[in-house]
Structure formats: C-alpha cells, structure tokens
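Please examine the predicted model shown below.

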Amino acid sequence: MSYSPFALIPLALSLGTVLYILYGLLVNYNAACKTGLPLIVLPFDCGNPLWLIIDRKIAQFVRRIPFGSGTFTRFNWRGWEIWDRYKAHQQLGDAIFFVTPGKNYLQLCDAEAVSDIFQRRADFPRPPESTGKVPAHSQLKDIHNG
C-alpha cells in the first residue's frame, strides 16, 4: 500500500498550524507571567480573521460538551464583555492579561490607570491597526517602490 506525497500536505499544514499556535502561546505566556497579573490563556487571537467568522459557532458547540464551561467559552468570542460585564474584574481584579498566540491584551477596570496610560503615550505605544492611522504618503510610496 503506497501513499501519495500530496496526501501528507494537509497533515503537515495542520501540524504546522498547531505548532505555530503553541509556540506563540508559549512566548506570550512567558512575557505575561513577568507582570504578575492574573492570566487568561486563549488559544485564538481575537483579531484573527478566520476566528472572527467562526468564534460564536465554535463557542456554542464547546458549551454543549461536558467540559465546555471554562475560560475558552467565557472569554474567547466577540462580545463576551457585554454579557460578562463586571464579573471578570470582580473575580480576577482590576487588571487582567489575555494571552493569545498573536498578542497579549491588557484588560483594565481602573479609570485612573486608563487615564495614566492615555497621558503617557510614549510609554504605551498603540499598534497602527488599533488606531486606524495609515502610513504617510511618503511611506506608502517607499513601500510601493520597494
């Protein structure tokens, strides 16, 4: 019985994706542990385009299985903040780190800390995708020209 080498491509891609997710989680988890804040580890980044499409469906499915009532179904879908409201901060404190394969997210429930962060822009840079700012025309020209 011989197998086509092309049959292994989906397996290799799946394994590569799982390893990439685990590596990202490990790196981000180690960085977040240094803060001393409560951590919630989530297997998918909330900004992942594929996850944005399927998050609610997967969370609904996982809730139906016996062990599906953990942090995955509580925090790993769009709009969890609306339903959870203050409960996460009441249980875990004013600052919580969400560890994902892509990034670490800090969730704050302290008005003074949020105000301090906004006043200290140089110490807390914001990624361009969250601010909606696009590069200047000269930067776009440089990117286009290589």
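## Strand pairing and overall architecture

Strand β2 (residues 95-99) and strand β3 (residues 104-108) run antiparallel and are joined by 5 bridges; two strands count as paired if DSSP finds at least two bridges between them. Within this pairing, I96 stands opposite Q107 in β3.

Residues are numbered from 1 along each chain as its sequence is written, and side-chain values use heavy atoms, with hydrogens and water left out.

The protein chain contains 8 helices and 3 strands, where helices (H or I, at least four residues) and strands (E, at least two) are DSSP runs numbered from the N terminus. From the N terminus on, their order is α-β-α-α-α-α-β-β-α-α-α. Of the contacts (heavy atoms within 4.5 Å) with a separation of 6 or more, 49% are between residues 24 or more positions apart.

The accessible surface (Shrake-Rupley method, 1.4 Å probe) of the protein chain is about 11,200 Å², and carbon and sulfur atoms contribute 64% of this area. Buried residues (under 20% relative accessible area; exposed is over 50%, partly exposed in between) make up 21% of the 146 residues.

With a disulfide defined as a pair of cysteine sulfur atoms within 2.5 Å, the count is 0 disulfides. Two cysteines are listed here.

| Residue | Relative accessible area | Class |
|---|---|---|
| C46 | 45% | partly exposed |
| C109 | 42% | partly exposed |

Methods. This is a predicted model: local features need pLDDT of at least 70, side-chain atom pairs count only at pLDDT 80 or more; totals for chains, interfaces and linings use all residues. Buried means under 20% relative accessible area, exposed over 50%, partly exposed in between (1.4 Å probe, protein chains only).
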